[in-house]
Amino acid sequence: MSVQQTAIRIVTFPLRAAWFLILSANFLVVSAACVLIAAFVAYALALTISYLLFPTEWTRALWEWAASLYAQSAWFKGATITFFVLLLVPILKLWPGRDLKVGTAREREAMRINDDLIAARQRAQAQAKLRG
């Protein structure tokens, strides 16, 4: 093995190790988010099934369990608030308080102005190249 290959391996090994750590951390974060979403979907499904199929006492017990967990656990409280905020943000974006046609027209106008500015800059650069 040549000295150059050995040097390249010595330099790239820490970079590969750091990249592996970044990917591992990213995997853990994404996995935790997926577990959080799956847990709330499962809980919502359990509530729906309990309302439809089970006696009232079972549904009440499920609500009491969630309420006591919410009162006792800061993690559950934070996860619940985060989940519902993330759930409501897209709904609030489409809230009827805003006129969607006006918003779409405003976005189209902004894109047109941006395209015009890009075209003007490209024309100016082309003219500068012709002069220079």
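Tutor: A term first: a residue is called buried under 20% relative accessible area, exposed over 50%, and partly exposed in between. Please also keep in mind that this is a predicted model.

Student: Okay, so where does Asp116 fall, buried, exposed or partly exposed?
Tutor: Asp116 has a relative accessible area of 41%, and it is therefore partly exposed.

Student: Which side chain does Asp116 meet in a salt bridge?
Tutor: The side chain of Asp116 meets that of Arg112 in a salt bridge, with 2.9 Å from N to O. Both residues belong to helix α4, where they lie four residues apart, about one turn of the helix.

Student: And what else does Arg112 pair with?
Tutor: Arg112 also forms a salt bridge with the side chain of Glu109, at 2.5 Å from N to O. These two are three residues apart in helix α4 (residues 100–131), so about one helical turn separates them.

Student: How accessible are Arg112 and Glu109?
Tutor: Arg112 counts as partly exposed because its relative accessibility is 42%, and Glu109, at 37%, counts as partly exposed as well.

Student: Switching topic: how many helices and strands are there?
Tutor: The secondary structure comes to four helices and zero strands, which gives the pattern α-α-α-α when read along the sequence.

Student: Is that arrangement spread out or compact?
Tutor: The protein is more spread out than a compact globule, because its radius of gyration is 28 Å, well over the 14 Å that the globule rule gives for 132 residues. Along the principal axes, the C-alpha atoms fill a box of roughly 85 × 65 × 25 Å, and 8% of the 132 residues count as buried.

Student: What about α2 and α3, at what angle do they cross?
Tutor: The axes of helix α2 (residues 56–72) and helix α3 (residues 74–93) come within 5 Å and cross at roughly 105°. Since angles of 65 to 115 degrees count as roughly perpendicular, α2 and α3 are therefore roughly perpendicular to each other.

Student: Which residues make that contact?
Tutor: From α2 the contact is made by Ala66, Leu69, Tyr70 and Gln72, and from α3 by Ala74, Phe76, Lys77, Thr80 and Ile81.

Student: How do they divide into nonpolar, polar and charged?
Tutor: The residues in the contact of α2 with α3 divide into six nonpolar, two polar and one charged.

Notes. Residues numbered from 1 in each chain as written. Predicted model: local features only at pLDDT ≥ 70, side-chain atom pairs only at ≥ 80, totals over all residues. Heavy atoms only, no water. Axes fitted to C-alpha atoms, helices over the stretch in contact; angles between N-to-C directions. Parallel < 35°, antiparallel > 145°, perpendicular 65-115°, else oblique. Contact = heavy atoms within 4.5 Å. Nonpolar A, V, L, I, M, F, W, Y, C, P; charged D, E, K, R; others polar. Salt bridge = Lys/Arg side-chain N within 4 Å of Asp/Glu carboxyl O. Buried < 20%, exposed > 50% of the residue type's maximum accessible area, 1.4 Å probe, protein only. Rg over C-alpha atoms; globule rule 2.2 N^0.38 Å.
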